[in-house]
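Here is a short briefing to read alongside the structure.

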Amino acid sequence: MRGRLARPGGIALHKEVPPTVVRDIAIQPLDLRLRTPFGIAGGVQEVARNVLVTVTLADGTRGYGEAAPLPAYNGETQAAALEALAGVSAVALGADASDWRELAGRFRTLAGHASGSAQCAFEVALLDAWTRSVGVPLWRFFGGASSRLETDMTVTTGTVEQASCDVQAIRARGIRVIKVKVGAAAGVEHDLARLTAIHEVAPDAPLIVDGNAGLTRDAAARLALGLRRRGIVPALLEQWLPKDDLPGLRELHEESGWPVAADESVVTPVDALRVAHAGAAQVINIKLMKAGVAAALDIAAVARSTGLGLMIGGNVESILAMTASACFAAGLGGFRHADLDTPWFLAENPFVGGFTAEGGQLSVAHITAGHGVSPRM
């Protein structure tokens, strides 16, 4: 890693390589078993087939990023993430990790938009390596507005009985906010029965009802009417309708009177502008897995400039990716909603470090450099 310069007179000198130059990048599959299947409107995942990216700098510092594609969410697969990352060395080797945003742009040009999770993994690994090398915690890098935030916990698709049991377990953890997945093939009446059972167990719990773009307008209207008749008032309706049905999302808010969050509808900053101009949502769910850190920062800026609320979420991710997202949201500040619960669904944890939790209260205050998560040795 040392270059040689010729002095006048022919004496060769060594040129020091900056410590934050990327020396090596390693890509490997990361398959994580779940305790129980994680079901959303688009399907069920029994194993999180993710990818681990390791960036090593000239000073030996390592940074880690995770790609967590979720086929049921947007069709993206582990194979697509691995394929996109195959050319990452050509982008980053010999470059300085401090130029992470420029490198992110180069990688996006190379890989296109085939894998948002690959983009996320690359950017997070670069940022983790760089901020570890210079001794800055990632939450401070993002602004240091806070080191804490409150997460919900999810009731995935399934039976009425399972929903009731899941909520009892969530409450036993001391978690206040409950997220409920709806819109699967079992239909509206089944979802209403599940939501009723959940409300009976935890009548005071704020409910985020997440359709993952799986409801038609008719089904959404029937679900909203059924909730109203049962006296159930959701805190947030998250992406009930297909991602391109912005008029439908606006009408859902106007007719129900309940706030709507856009998730699948917003992958890029341009998408966020479209949602804002259409009046389609009151909240945007930002996920680093959708398009990476740089895009997420731009989406947050659009949301703030247009008066939209902020939510941080993710796919089925380990403590590594979820801690990076916690650092992002806490550091930027202003996130009213958080959905960073998937590490609790995994049957294994191959990492050490990460956020700490007391009930639904997450903290990254103890992290002294990077995101603080490393593979177990």
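**Helix pair and sheet**

Helix 11 and helix 13 run roughly parallel to each other, because their angle falls under the 35 degrees used as the cut-off. Please keep in mind that this is a predicted model. The points below take the helix pair, then the sheet.

*Helix 11 with helix 13*

- Helix 11 covers residues 269-278 and helix 13 covers residues 293-305; they pack at an angle of about 20 degrees, and their axes lie 8 Å apart.
- The crossing of helix 11 past helix 13 is right-handed.
- On the helix 11 side, the contact is made by Pro-269, Ala-272 and Leu-273, while helix 13 brings Ala-295, Asp-298, Ile-299 and Val-302.
- By class, the residues of this contact comprise six nonpolar and one charged, with no polar ones.

- Eight strands form an open sheet with parallel pairing, in the order 7-8-9-10-11-12-13-14.
- Strand 7 (153-155) and strand 14 (335-338) are the edge strands, each pairing on one side only.
- From one strand to the next, the twist averages 30 degrees.
- At one end of that order, strand 13 (residues 309-313) pairs with strand 14 in the parallel sense over three bridges.
- Met-311 has His-337 of strand 14 as its bridge partner.

*A helix on the sheet*

- Helix 7 (residues 160-172) packs on the sheet, where it touches strand 7 and strand 8 (178-181).
- The direction of helix 7 makes about 165 degrees with that of strand 7.

Conventions: Residues numbered from 1 in each chain as written. Predicted model: local features only at pLDDT ≥ 70, side-chain atom pairs only at ≥ 80, totals over all residues. Heavy atoms only, no water. Pairing = 2+ DSSP bridges. Helix = DSSP H or I, 4+ residues; strand = E, 2+ residues; numbered from the N terminus. Axes fitted to C-alpha atoms, helices over the stretch in contact; angles between N-to-C directions. Contact = heavy atoms within 4.5 Å. Parallel < 35°, antiparallel > 145°, perpendicular 65-115°, else oblique. Left-handed = near helix turned anticlockwise from the far one by under 90°. Nonpolar A, V, L, I, M, F, W, Y, C, P; charged D, E, K, R; others polar.
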